[in-house]
Amino acid sequence: MVLVGKVEVGPIHDWVPAAGSVVGWHASPASLEKARQAPTSAVPASYQQAQHLRRFCENAARGIDMSRLLTAMTHVINAHLRRHDAYHSWFEYENAGPIVRRTICEPAGIKFVPIKHGEMTSAEVRSLALGTPNPLHWDSFRFMIIQRADHFTFCLCVDHLHIDAMFVGVGFMEIHMMYTALVAGGAPLRLPTAGSYDDYCVRQHRELSALTLESPQVRAWVEFFENNNGTLPEFRLPLGDEPVPCDMMSTQLLDERQTARFESACLASGARFSGGVFACAALVEHELTGTETYYGIIPVDTRSTQAELMTTGWFVGFVPLSVPIAPSFGDTARAAQASFDSGKDLAKVPIERIVELAPWLRMPQRGAPLLFFLDAGVPPLSALVNSHLDGVNARLYHDGRIPSQVAIRVNRLENETHMIVLFPNNPVARESVTRYMSAMKSVCVRVADRGGAMKPRRNRAQIQPQLACPT
């Protein structure tokens, strides 16, 4: 387990809850029947949902059990499910055909009911969580309580089809605050109206259908692909060949004082903290492999309205990052910040749409490495962390089923800057990621110590011996 601020994060197989009496909430037979008979809907699956469903089916056909679950501790069920329309649909998808959405028209009919499982061991509880139905089923979300003599643990398991990382803020705030109000004897909270994920899906397809190869966003994405040999960038160090489940490693990049000095170096260079992180990733790749231009994929949240900030769903897009290696950190950070800021609008165009419009481009066989940056000091996460996490013992678990992909997460927290890397669980990838993390820490510390004038080190493998000229 890794402590990220006030929340522990780790693989679910490291979760060893104390034994207790387990009650699970499952869809009632009537709700399952309503879902089965739900009429088809004209609302298309979002590009994120469609990509997830296709990947799930493709990986299942290859015998790979891909990652599906995000697990969190909190409380409240039916009100949450009825409130957010992301939970109201399920999808039919067979033999790479069209994706058909079926939607429950009356959310009030959704009802999850408690089922007593009795005393269960840690392994049995983990198995129950991992038994959450896959994304081809409507009820691909489950809840349970582990009751003990003096406390209980509430677990929420949701397939990625319905949520993204912002659920930690959107869902936790809603569910935990509602539960707290109820157990204190108060009335249910009057929450702001949630936005509609269905509306987002319709708007996304309408806007994307108007794009052509001449659209500026498409041209920019195509150029990014072509700069990477017609595909997306890859992790530059060896990862092994076989598709295997992922593991996780973490390290502190900067302590509290170093974090403050790092930010000062970024600001003095004309960049923000995020641009400094992206510049460090570029310099790490340069120092390890000698590359002169860094190409990265930065996931970002694309919610754009106040209602969407209160909406459960999958709103994530990607910003393509191109950073030429400059003589100093300051120059590289300015270039990284400019690339990221100028590319933000490209996050509204899913990569799959680019490949539809430019079929000569190809998706990589192994997922492209993703570089996440999270600043827990900015809203809405700052308010969440400061007001609601103390004493809650909240934890997040991944199920370890992400096959052969690298995800790098840099988190700026209250007292440190921290990095977590998910990677294929094999010795080759472990050695490469260990090297990468050591280099990232080294670069970040050198920036904190030397500021924008910090110069990248030459990659020794790129230095050719000089031959003496005969006289």
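# Chatting through a predicted model

Trainee: Is S269 buried or exposed?
Mentor: S269 is buried, because its relative accessible area is 6%. Buried means under 20% relative accessible area, exposed means over 50%, and partly exposed is in between, using a 1.4 Å probe and protein chains only.

Trainee: What kind of model is this, and how are residues numbered?
Mentor: This is a predicted model, with residues numbered from 1 along each chain as its sequence is written, and side-chain values use heavy atoms, leaving out hydrogens and water. Local features need pLDDT of at least 70 and side-chain atom pairs count only at pLDDT 80 or more, while totals for chains, interfaces and linings use all residues.

Trainee: Back to S269, where is it found?
Mentor: S269 is in the loop between helix 8 (256–268) and helix 9 (273–289). Helices (H or I, at least four residues) and strands (E, at least two) are DSSP runs, numbered from the N terminus.

Trainee: And what does S269 touch?
Mentor: Not counting residues up to four places away in sequence, S269 touches F329, G330, R334 and G452. Contact here means heavy atoms within 4.5 Å.

Trainee: Zooming out, how many helices and strands does the chain have?
Mentor: The chain has 14 helices and 16 strands. Of its 471 residues, 55% count as buried. Take the contacts with a separation of 6 or more: residues 24 or more positions apart account for 79% of them.

Trainee: You mentioned helix 8. At what angle does helix 8 cross helix 14?
Mentor: Their axes cross at roughly 75° and come within 8 Å. That makes helix 8 roughly perpendicular to helix 14. Axes are lines fitted to C-alpha atoms, for helices over the stretch in contact, and angles run from 0 to 180 degrees between N-to-C directions. Under 35 degrees counts as roughly parallel, over 145 as roughly antiparallel, 65 to 115 as roughly perpendicular, and the rest as oblique.

Trainee: Which residues meet there?
Mentor: From helix 8 you have Q258, R261, F262 and A265, and they meet C444, V445, V447, A448 and D449 in helix 14. By class, the contact of helix 8 with helix 14 has 6 nonpolar, 1 polar and 2 charged residues. Ala, Val, Leu, Ile, Met, Phe, Trp, Tyr, Cys and Pro count as nonpolar, Asp, Glu, Lys and Arg as charged, and the others, Gly among them, as polar.

Trainee: How do helix 2 and helix 6 cross?
Mentor: The axes of helix 2 (residues 47–61) and helix 6 (residues 197–209) cross at roughly 95°, coming within 9 Å. Helix 2 and helix 6 are therefore roughly perpendicular to each other. Helix 2 brings Y47, Q48 and Q49 to the contact, while helix 6 brings Y197, Y200, C201, Q204, H205 and L208. The contact of helix 2 with helix 6 has 5 nonpolar, 4 polar and no charged residues.

Trainee: Why does C280 count as buried?
Mentor: C280 counts as buried because its relative accessibility is 0%. C201 counts as buried as well, at 0% relative accessibility.

Trainee: New topic: how many residues are in the largest nonpolar core?
Mentor: The largest nonpolar core has 51 residues. Those with the most contacts inside it are F262, F329, I408, M419, Y436 and M440. The largest share of this core, 11 residues, comes from helix 14 (residues 427–450). A second, separate core of 24 residues includes V23, A38, I104 and I145. A nonpolar core is a set of buried Ala, Val, Leu, Ile, Met, Phe, Trp, Tyr and Cys residues joined through side-chain atoms within 4.5 Å.

Trainee: Where is I115 found?
Mentor: I115 is in strand 7 (residues 112–120). I115 is partly exposed, with a relative accessible area of 35%. I115 and V23 are 92 residues apart in sequence, yet 5.5 Å apart in space, C-alpha to C-alpha.

Trainee: Last one: what's the phi of N95?
Mentor: Phi of N95 is near 50°, a positive value in a residue other than glycine. Most residues other than glycine have a negative phi. N95 is in the loop between strand 5 (89–92) and strand 6 (100–103), and N95 is exposed, with a relative accessible area of 78%.
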